[in-house]
Amino acid sequence: MRIAAIDTFIVTVPRDTPYLGPLGPDESVNARGYIVRQGNGTIYPTVDRSIVVRATAEDGSIGWGETYGICAPRATCEIINDLLVPALIGHDVVDIGATWDMLYGLMRVRGCWGGFHVDAIAAIDIALWDLKAKSAGVPVRDLLGPSVHSTIASYLSGLPAATLEERVTLAREWQARGVSAFKFAAVVSHEGVIEEMAALRAALGDDAAIMVDLHWKFDVAAARDLLACLAPLRPHFAEAPVKPEDMAGLARLASESPVPIAAGEEWYTDYEATNRLAAGPLAYIQPEMGHTGITQFLRIAKVAAAHGVAIAPHATIGTGIFLAASLNASATISQLWKHEWQHSVFERNLALLDTDMSHDNAGYKLPTGPGLGVEPNARFWQHAEQVA
Ligand code: MG
């Protein structure tokens, strides 16, 4: 099956409340529609936005892929159209891992070991797996290995409300609907991280799994102090405690922390996972399909398995195409814990796709169709803009 064309689209879906919740003190929307969250200095858009690619084979069959488009999406589109597409026209879709290696190799000596370049490859990689599985008439997961999960357990991520009182109320509402695992975001814990953990533990009881995403906010010393205070409140894990570049600091912290440490949503490759796990242990790795594609998602999981580390896949903002890829891949990972569930994104954007993928408050139901099991519908195309 040879590639005849690859088309690139930016998909933008407006939202009422910005991701992570209403604007905090000293936060405002800039002229390009971005907010800088003061809690961690990171820029976020006010819309849901991702990049979708459509790969068309010479026989007319179509595969879909998706990657990050939340910031500067045209940069990634240009990499796809200018660098990757010419290398793929006429390319035979046989060994997709070898294709990933070839595309990565185009820019490796220029230091493009992650970022927009590898995001662009991830979108292509997912589309090629979709094509290959559709050609075989099976779900993508059937090409990846034996499925060991028939549904994918999940945890609720984010409590998008302005005050701690409102966030606690929101968590209790979800608990009443059957949710038992919750993650809150320290970057919008305006009343304090320890205060939020204590309030949630008191409200949700001893049996709830409560995680905190520390959003790379702290240095090692400050994180150590914070984790000591959080430990009696029994967080299930603390995520991303220190800056992503501080590999030694993260390893040191994780080896001595009284709270299990999770990290890895910003990692791209098994090269990085290998180096990080050589530096020291982690309790959970959180691969993000929008960065890794299916090929690197599975390679990272393999490195994690060799180190006895559990996988808790990250879920970012998108239409659901890369989420379908993440669920398909997760079904084959034996050391899977739970998959992140961005409830404020998933349910709403599911309307853009024809799929039977769903979520029932305890976990995800896998799409059953061939390939990824998702197809953009008419509503999707109302939000899509082709980038040539
Ligand atoms: Mg996170």
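This is a predicted model: local features need pLDDT of at least 70, side-chain atom pairs count only at pLDDT 80 or more; totals for chains, interfaces and linings use all residues.
Residues are numbered from 1 along each chain as its sequence is written, and side-chain values use heavy atoms, with hydrogens and water left out.

**View 1. Domain 1 meets domain 2.** Contact means heavy atoms within 4.5 Å.

**View 2. The largest pocket lies between the domains.** Both domain 1 and domain 2 give residues to its lining, so the pocket lies between them. A pocket is found on a 1 Å grid over the protein atoms alone: it is an open set of points with protein on both sides within 12 Å along at least five of seven lines, whereas a cavity is a set of points where a 1.4 Å probe fits but cannot get out. Lining residues have an atom within 4 Å of a point. The volume of the largest pocket is about 870 Å³; a volume is the space filled by probe spheres set on the points, which are joined across faces, edges and corners. The lining counts 45 residues, with T42, Y44, I70, W216 and E265 nearest the centre. Two or more lining residues come from each of β3 (42-45), α3 (115-136), β7 (181-185) and α12 (343-349). Helices (H or I, at least four residues) and strands (E, at least two) are DSSP runs, numbered from the N terminus.

View 3. E239 sits in strand β9 (residues 238-239), and E265 in the loop between β10 (261-263) and α9 (270-279), 26 residues apart. Are E239 and E265 buried or exposed? Both are buried. Buried means under 20% relative accessible area, exposed over 50%, and partly exposed in between (1.4 Å probe, protein chains only).

**View 4. W216 and D26 each have a positive phi.** Most residues other than glycine have a negative phi. W216 has a phi of about 55 degrees. W216 lies in the loop between β8 (209-213) and α7 (220-230). Its relative accessibility is 17%, so W216 counts as buried. D26 has a phi of about 65 degrees. D26 is in the loop between β1 (3-14) and β2 (34-37). D26 is exposed, at 72% relative accessible area.

**View 5. L143 sits in helix α4 (residues 141-144).** L143 counts as partly exposed because its relative accessibility is 31%. Which residues does L143 touch, not counting those up to four places away in sequence? They are W129, K132, A133 and V138.

**View 6. The largest cavity has a volume of about 150 Å³.** The structure holds 4 cavities of 30 Å³ or more. The largest is lined by 18 residues, among them A315 and F346.

Methods: Domain bounds come from an automatic or database domain assignment.
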